[in-house]
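Here is a short note on the interface between the two chains. Please read it with the model open.

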There are 2 protein chains.
Amino acid sequence: VAKILITSGPTREYLDPVRFLSNGSSGKMGAAMAAAAIAAGHEVVVISGPVAIAYPSAARVVWVTTTEQMRDAAVEHFPQCQGAIAVAAPCDFRPVQIQAQKIRKSGSRFAIEFDETPDVIAELGRMKQPDQWTVAFALETEDPVSRAKAKMRAKRADLIVLNPPAAIDGDTCSVEIIGADQSITPAHGPKSLVAQAIFQRIETELLGPRARSSR
Amino acid sequence: VAKILITSGPTREYLDPVRFLSNGSSGKMGAAMAAAAIAAGHEVVVISGPVAIAYPSAARVVWVTTTEQMRDAAVEHFPQCQGAIAVAAPCDFRPVQIQAQKIRKSGSRFAIEFDETPDVIAELGRMKQPDQWTVAFALETEDPVSRAKAKMRAKRADLIVLNPPAAIDGDTCSVEIIGADQSITPAHGPKSLVAQAIFQRIETELLGPRARSSR
């Protein structure tokens with residue numbers, strides 16, 4: 001039995017008390033990964049941004065709103081876990097200033113300045129110990145396979161799952177699982193089955209050998 | 001029996017294929033208003049932005065994403081309706097440019113220029129005929145009652161419902177219903193009951209007399 005951290009859902013970066021930057025991530029793939037890990041007998045901590053779906057009742061869920069909160073929660077829980085699967089789609093940008101009151105219509109154009117947010121899975125990659133592993137997800141709109149491979153290196157991930165923008169909020173998806181050896185396994189179908197295929201590769205390549213060598 | 005248009009949920013204004021500006025509106029209050037109108041025997045068309053909740057099966061639902069799409073759908077359906085209840089929280093701003101590819105991290109700050117979007121309920125207010133009515137919702141973080149009254153005039157609404165930011169995505173809410181005579185009726189509790197209270201006031205002040213005078 002391993003303890004596995006799963007980040008899931010979008011994050012929100014507020015501009016004012018009402019408006020935020022986000023994306024359409026629904027948490028469905030995170031919930032499916034949690035279900036696959038639990039079905040394989042593992043313990044799961046889900047760090048989730050705001051979503052409407054329910055996670056498996058056997059998972060412990062830590063709710064967050066912003067990317068910084070997701071980073072903080074992930075950094076706090078990762079040392080107690082054997083690995084992390086970063087299914088979440090955290091906002092990469094946040095407004096430099098959050099307005100205390102609703103931004104009012106002025107009748108004219110205006111500009112908002114954005115900063116980058118922390119890179120959650122890259123931070124876990126930097127802090128991971130030799131007996132720990134990380135799995136990243138990449139959603140690319142240009143040159144996807146080579147960008148995903150570059151991301152895997154930059155984030156020091158042991159596996160990366162490449163999914164297309166069409167996967168967002170859908171019930172099915174079509175992904176490519178890329179390993180450290182650069183081999184690519186495609187998986188397609190309902191998210192529950194795709195999650196099982198991804199988790200199968202995690203068990204074979206990461207969980208089995210490392211669990212054996214480190215315990 | 002009247003045909004009633006209800007706008008509901010948030011809208012999304014995309015910055016690129018993945019990221020968008022939005023707000024936390026869940027569609028729960030729109031669904032509760034639709035249920036109250038249907039329970040009172042009326043026909044309902046819901047124009048909804050992306051939400052995870054289900055609308056009453058007796059309602060016709062038109063799905064939209066952006067504020068402009070919500071405006072277009074509302075303008076198309078309003079002439080066949082006796083009144084409109086604008087529960088939706090459309091984005092008031094949209095990026096001047098939508099990037100064709102995901103905005104990439106550059107390591108530095110950047111600015112995005114925003115424009116105002118169409119004001120859906122104000123457009124319905126401008127096009128309404130003497131036998132039609134509109135109900136606006138206002139969510140204000142400063143000086144709420146006087147701003148709500150100013151909005152009612154600016155949008156030519158016959159009633160305005162003032163709800164606090166805390167109402168967003170909650171199951172209960174606390175609102176103030178402000179009529180053309182400036183009288184304020186508070187309503188508080190589960191959204192289903194608050195929707196019934198609002199709909200009661202619509203029936204008494206707008207639906208009853210106008211339905212009688214115009215039919």
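1. Contact here means heavy atoms within 4.5 Å. On that rule, 39 residues of chain B are in contact with 39 residues of chain A. The model is predicted: local features need pLDDT of at least 70, side-chain atom pairs count only at pLDDT 80 or more, and totals for chains, interfaces and linings use all residues. Residues are numbered from 1 along each chain as its sequence is written.

2. Chain B and chain A bury about 3,800 Å² between them, with 54% of it on carbon and sulfur atoms. Buried area is the accessible area (1.4 Å probe) that two parts lose on being put together, summed over both.

3. The rule finds 8 salt bridges across the interface of chain B and chain A. It asks for a side-chain nitrogen of Lys or Arg within 4 Å of a carboxyl oxygen of Asp or Glu. Asp115(B) and Arg109(A) form a salt bridge through their side chains, at 3.1 Å, N to O.

4. Strand S3 (residues 19–23) of chain A pairs with S3(B) in the antiparallel sense, over 5 bridges. Pairing requires at least two DSSP bridges between the strands; strands are DSSP runs (E, at least two residues), numbered from the N terminus. Arg19(A) stands opposite Asn23(B).

5. Ser22(B) also lies in strand S3 of chain B. Is Ser22(B) buried or exposed? Ser22(B) counts as buried because its relative accessibility is 3%; buried means under 20% relative accessible area (1.4 Å probe, protein chains only). Among the residues that Ser22(B) touches are Val18(A), Arg19(A) and Phe20(A).

Notes. Chains lettered and ligands numbered in written order. Heavy atoms only, no water. Helix = DSSP H or I, 4+ residues; strand = E, 2+ residues; numbered from the N terminus. Buried < 20%, exposed > 50% of the residue type's maximum accessible area, 1.4 Å probe, protein only. Lists of a residue's contacts leave out its neighbours within four places in sequence.
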